[in-house]
Amino acid sequence: MSASELTPLDWHVIHFAVDRLRIAAESPDPETNETNPLPPDVSDTLIRISQVAQQQMAA
């Protein structure tokens with residue numbers, strides 16, 4: 001399946017999942033209360049995926 005075959009609903013699900021993944025990854029560890037931020041390249045990639053998904057949802 002290519003990106004062009006995805007529907008606006010598919011892009012909505014992708015955007016939601018990426019957003020939740022970023023939130024979960026950046027949440028403090030319940031045992032230590034320390035945060036482990038995502039590496040910059042991973043964070044940038046997730047942001048880009050989210051941006052593309054938002055554009056495709058609006059299309």
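In which helix is His-15 found? His-15 is found in helix α1. A quick word before going on: the model you are looking at is predicted.

**His-15 and its neighbours**

With a relative accessible area of 17%, His-15 is buried, because buried means under 20%. Leaving aside residues up to four places away in sequence, His-15 touches Ser-50, Ala-53, Gln-54 and Met-57.

**Helix α2**

Let's turn to helix α2, which covers residues 40-58.

Which residues of α2 are buried? They are Ser-43, Leu-46, Ser-50 and Ala-53. These residues lie on the same side of α2, because they cover an arc of only 90° around the axis. The buried residues of α2 pack against α1, which runs over residues 8-26. If you look at the face of α2 turned away from the buried side, you will find the exposed residues Pro-40, Asp-41 and Asp-44.

**The loop between the helices**

Asn-33 sits in the loop between α1 and α2. Its phi is near 60°, a positive value in a residue other than glycine. Is Asn-33 buried or exposed? Asn-33 counts as exposed, because its relative accessibility is 60% and the cut-off for exposed is over 50%.

Here are the two residues with their accessibility values:

| Residue | Relative accessibility | Class |
|---|---|---|
| His-15 | 17% | buried |
| Asn-33 | 60% | exposed |

Definitions and conventions
Residues numbered from 1 in each chain as written. Predicted model: local features only at pLDDT ≥ 70, side-chain atom pairs only at ≥ 80, totals over all residues. Heavy atoms only, no water. Helix = DSSP H or I, 4+ residues; strand = E, 2+ residues; numbered from the N terminus. Expected span 1.5 Å × (residues − 1). Buried < 20%, exposed > 50% of the residue type's maximum accessible area, 1.4 Å probe, protein only. Arc of directions from axis to C-beta. Contact = heavy atoms within 4.5 Å.
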